[in-house]
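Here is a friendly walk through one model, from its ring contacts to its helices and strands. Please have a look at the sequence and the structure first.

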Amino acid sequence: MRIGSAIFLIAIGAILAWAITPGLIPNVDQTLIGYILMAVGVIGLIASLVLASPGRSRRISETRSVVDPNTGERITRNESRDGGI
């Protein structure tokens, strides 16, 4: 669930819970469905914000290959480092 769809669920739930007259849809508790949609939207919003945040352990790997001018050998150097801020 993305941020936009979570906000959409919160908005639809708020409309069902507070803006529409109860009893508009027979045999359905609109207020309860509205609260459930708002809760699902809030949980989805929190989850999407947590998953979208940058990770703490980002690794950057670089590989460089050069030819040694004296011997003609190919030298490959691999570097890995943290990509923190």
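## Aromatic contact

How many aromatic pairs does the count come to? The count comes to one aromatic pair. Its partners are Trp 18 and Tyr 35, whose ring centres are 6.2 Å apart. Their planes stand at 75°, and planes over 60 degrees apart count as edge-to-face, so that is the label for this pair.

Trp 18 belongs to helix α1 and Tyr 35 to helix α2, so the pair ties together parts that are 17 residues apart in sequence. As for accessibility, Trp 18 has a relative value of 58% and counts as exposed, whereas Tyr 35 is partly exposed, with a relative accessible area of 42%.

## The helix pair

In general, two packed helices are described by the angle between their axes and the distance between the axes. Here, α1 covers residues 3-19 and α2 covers residues 30-52; they pack at an angle of about 160°, and their axes are 7 Å apart. Angles over 145 degrees count as roughly antiparallel, so α1 is roughly antiparallel to α2. The crossing of α1 and α2 is left-handed.

What kinds of residue make up the contact of α1 with α2, divided into nonpolar, polar and charged? In the contact of α1 with α2 there are 18 nonpolar residues and seven polar ones, and no charged residue.

## The loop between the helices

Asn 27 sits in the loop between α1 and α2. The phi of Asn 27 is near 65°, which is a positive value in a residue other than glycine. Is Asn 27 buried or exposed? With a relative accessible area of 85%, Asn 27 is exposed.

Next comes strand β1, which spans residues 59-67 and contains Ile 60. Ile 60 is partly exposed, and its relative accessible area is 34%. The C-alpha atoms of Ile 60 and Ser 80 are separated by 5.5 Å, while the two residues are 20 residues apart along the chain.

## Confidence

Do keep in mind that this is a predicted model. Across the protein chain the mean pLDDT is 86, and 91% of the residues reach 70 or more. Where is confidence lowest, and where is it highest? Confidence is lowest in strand β2 (residues 74-82), at a mean of 84, and highest in α1, at 94. As a reading rule, where pLDDT is low, the predicted coordinates should not be read in detail.

Methods:
Residues numbered from 1 in each chain as written. Predicted model: local features only at pLDDT ≥ 70, side-chain atom pairs only at ≥ 80, totals over all residues. Heavy atoms only, no water. Axes fitted to C-alpha atoms, helices over the stretch in contact; angles between N-to-C directions. Helix = DSSP H or I, 4+ residues; strand = E, 2+ residues; numbered from the N terminus. Parallel < 35°, antiparallel > 145°, perpendicular 65-115°, else oblique. Left-handed = near helix turned anticlockwise from the far one by under 90°. Nonpolar A, V, L, I, M, F, W, Y, C, P; charged D, E, K, R; others polar. pLDDT = per-residue confidence, 0-100. Phe/Tyr/Trp six-rings, centres within 6.5 Å; stacked < 30°, edge-to-face > 60°. Buried < 20%, exposed > 50% of the residue type's maximum accessible area, 1.4 Å probe, protein only.
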